[in-house]
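Hello,

Here is the structure I promised to pass on. Please open it alongside this note, and then read on for what was found.

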Amino acid sequence: MKNNHNILEIKHLKTYFFTRSGVVKAVDGVSFGLRKGESLCLVGESGCGKTATALSVLRLIDSPPGRIIDGEILYHDEDLLRCSGKRLRQIRGYGIAMIFQDPQSSLNPVFTVGDQIAEQIRLHLGLKRGPTVERTLHLMEQVGIPRARERMKDYPHQFSGGMRQRIMIAAALSCGPEVLIADEPTTALDTTIKEQILDIFQDLKQQREMSILFITHDLGTVAGIADRIVVMYGGRIAEVGTAFDIFDQPKHPYTHGLIKCLPDISARSDRLTPIPGMIPSLIDPPEGCIFSPRCERSMPVCNRKRPEEVVISGEHSVACHLYS
Amino acid sequence: MSQKLVEVENLKKYYPVTAGLLSRHVADVKAVDGVSFNIMERETLGLVGESGCGKSSLGRALLRLEEPTSGRVLYKGSDITTWNRRQLKEFRKEAQMIFQDPQSSLDPRMTIGDSIGEALLIHGVGTEKERLEKVAELLQRVGLEPEHAARYPHELSGGQKQRVGIARALAVNPKLVVADEPVSALDVSVQAQILNLIMDLQHELGLAYLFIAHDLAVIGHVSDRIAVMYLGQIVELAARKELFHHPLHPYTEALLSAVPVPDPHQKRKKTSLPGEVPSPVEPPPGCRFHTRCPRVMELCRQEPPVLRSREGGRLVSCHRYG
């Protein structure tokens with residue numbers, strides 16, 4: 001899947017956490033690329049390594065206990081894992097920005113929201129006070145905060161969860177980044193508010209041609225917004241493909257299971273089809289395919305050998321022995 | 001025809017807002033503000049709504065885990081809001097609760113077996129040996145092994161803990177179970193396992209559920225009838241099929257259209273619902289939904305609509321339907 005248009009390319013990333021109970025291989029050899037103007041969704045359940053992957057991109061892994069032990073993260077062919085701290089800070093502002101699941105804990109409670117958005121503009125773009133305020137206002141209006149001029153003087157606790165997430169998005173967009181990494185940005189929000197936030201993402205993609213790396217556990221949300229999908233399981237990539245590939249012709253038994261276990265509102269079927277067993281521990285994962293203990297189509301080879309990535313067609317590839 | 005198990009009549013639950021040194025009572029959070037509905041024997045009534053709509057408060061007030069401010073809750077025809085402690089203890093054998101977060105509803109210092117057996121002990125069921133047998137049987141019933149009885153909560157996964165939560169609720173052979181967001185803390189692959197378990201147990205044991213959730217897809221999967229709540233009131237109540245195929249209330253419509261469709265061929269539609277849920281301290285006058293309603297009329301701003309019956313036994317509270 002080599003592609004020259006990749007703005008961001010993650011190669012053989014390994015991020016381990018060295019805990020007292022053992023080494024947690026949170027990200028264990030993950031490679032994928034993000035293209036200009038595309039929204040790529042990283043999907044998986046808790047503990048599959050999706051957040052650790054995202055944090056690794058900007059070197060935000062807490063160390064100790066975490067450490068990126070191998071791999072490359074190429075942003076316009078520059079390796080972020082090996083660049084200087086100063087360079088990384090530049091890139092964090094106007095190259096790659098990130099928003100998090102819980103807007104409450106990512107905003108500073110003792111500064112007004114206007115100050116927090118403006119801080120980045122001052123820091124990265126070095127604008128004067130007047131233009132900074134104007135830009136802040138413009139950003140707040142763009143993400144749909146009503147009465148922005150008054151509200152920029154308010155503190156985070158005076159906003160609702162949905163509004164706080166809008167502020168986080170405004171702050172992330174403040175320096176016009178090329179890439180936006182969004183880690184479960186709608187998970188903490190209510191159904192109708194979640195829709196409003198997804199609308200903003202859709203607009204961003206269309207109007208700014210921004211590349212979005214959208215991380216979520218919710219396959220349903222992903223269907224409506226993703227160009228391509230990366231399915232992760234147990235710190236590894238299970239399957240990559242366009243949204244159509246993944247939903248129309250899922251190849252990996254795990255992807256299959258994920259789609260089949262979603263409750264369907266159009267019919268009260270008597271039973272769902274769950275994936276048996278539970279999410280594996282990433283301390284001492286099994287030698288072969290990490291999904292094999294839960295897999296209905298597991299074969300002897302699955303317990304011995306880790307499956308390689310196999311290209312199915314065009315952009316669709318899967319790591320499963322069924323196809324090798 | 002099945003019997004009414006629970007009848008809720010004009011139930012209210014207000015929480016006081018206090019201010020100042022003397023904790024002056026300045027206002028009320030009207031979490032549940034005049035709600036009436038029934039739960040039939042062996043049915044699942046789904047209760048759906050966004051955070052802060054009062055769905056959890058309703059569930060707790062219905063079991064008298066919190067004292068209702070006013071209104072009546074009839075269980076098998078008798079008003080539990082007037083019952084004394086002794087009667088309530090008996091009631092707890094009939095009505096149980098499953099909580100959202102299995103982590104915080106289990107005592108970390110008690111073994112799984114003790115946690116489940118405690119209910120039996122409190123109600124003085126059987127001898128110690130019988131109780132141990134019952135615990136082993138319950139564990140198997142919820143898909144765990146009898147050996148799990150000796151383990152502690154931290155040794156179990158989230159899904160397993162929720163199974164323990166369910167086993168504990170079932171220990172006293174209840175007829176009614178209030179399940180408050182029982183799967184929202186779980187991963188999707190595990191969520192399906194627990195939903196199946198909850199539905200299987202209903203068939204086997206003839207339980208009635210009040211199933212509370214914010215996720216309409218989950219609610220739709222388990223419920224016979226569904227009540228939609230907004231700002232402390234029920235805005236629509238209908239059989240599952242009717243609600244999904246013919247939503248009447250604009251809020252129900254908006255909730256339904258917000259359910260993500262796992263199909264990339266269907267283009268995402270932009271949401272029709274602007275704004276946010278207003279504060280339950282001072283709900284808007286007239287219809288509480290009028291500030292966000294895409295089909296608001298002049299009347300909606302002035303007069304609150306009443307929950308009225310429509311054909312097919314469904315209820316809706318909206319001026320558009322008279």
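How many bridges pair strand S10 (residues 236–242) of chain A with S12(A), and in which sense do they run? The answer is two bridges, in the antiparallel sense. One caution before the rest: this is a predicted model.

**Around S12 of chain A**

Stay with S12(A), residues 316–319. In S12(A), both faces are covered. A:His316 and A:Val318 are buried on one side, and A:Ser317 and A:Ala319 are buried on the other.

S11(A) and S12(A) form a hairpin, with two residues between them. In that turn, A:Gly314 has a positive phi of about 40°.

**Another hairpin in chain A**

Look next at strand S1 (residues 6–19) and strand S2 (residues 22–35) of chain A. They pair in the antiparallel sense over 11 bridges. A:Thr15 stands opposite A:Val27 in S2(A). S1(A) and S2(A) form a hairpin with two residues between them.

Helix H4 (residues 113–125) and helix H5 (residues 129–142) of chain A have axes that come within 9 Å. The axes cross at roughly 120°, which makes H4(A) oblique to H5(A). The crossing is right-handed. H4(A) brings A:Gly114, A:Ile117, A:Ala118, A:Ile121 and A:Arg122 to the contact. H5(A) meets them with A:Thr132, A:Val133, A:Arg135, A:Thr136 and A:Leu139. By class, the residues of this contact are five nonpolar, three polar and two charged.

**The sheet in chain B**

Chain B has an open sheet of four strands. The order is S2-S1-S4-S5, with antiparallel pairing. Strand S2 (24–40) and strand S5 (78–79) of chain B stand at the edges. Each has a single partner strand, so one side of each is left without a neighbour in the sheet. Strand S1 (residues 4–19) of chain B pairs with S2(B) over 13 bridges, in the antiparallel sense. Among these positions, B:Val8 has B:Phe37 in S2(B) as its bridge partner. Helix H1 (residues 55–62) of chain B packs on the sheet. It touches S1, S2 and strand S4 (70–75) of chain B. The direction of H1(B) makes about 70° with that of S2(B).

**Where the chains meet**

The contact takes 38 residues from chain A and 34 residues from chain B. On the chain A side, helix H8 (191–208), helix H9 (219–225), helix H10 (243–248) and helix H11 (253–260) each supply at least two residues. H8(A) gives the largest share, seven residues. The side of chain A that touches chain B has 18 nonpolar, 13 polar and seven charged residues.

H8 of chain A turns up again at helix H10 (residues 250–257) of chain B. The buried residues of H10(B) are B:Pro250, B:Tyr251, B:Thr252, B:Ala254 and B:Leu255. What covers them includes H8 of chain A. From chain B, the cover includes helix H8 (216–222), strand S9 (225–230), strand S10 (233–239) and helix H9 (240–245).

Best wishes

Technical notes
Residues numbered from 1 in each chain as written. Chains lettered and ligands numbered in written order. Predicted model: local features only at pLDDT ≥ 70, side-chain atom pairs only at ≥ 80, totals over all residues. Pairing = 2+ DSSP bridges. Contact = placed C-beta atoms within 7 Å. Axes fitted to C-alpha atoms, helices over the stretch in contact; angles between N-to-C directions. Nonpolar A, V, L, I, M, F, W, Y, C, P; charged D, E, K, R; others polar. Parallel < 35°, antiparallel > 145°, perpendicular 65-115°, else oblique. Left-handed = near helix turned anticlockwise from the far one by under 90°. Buried ≥ 20, exposed ≤ 12 C-beta atoms within 10 Å, placed from the backbone.
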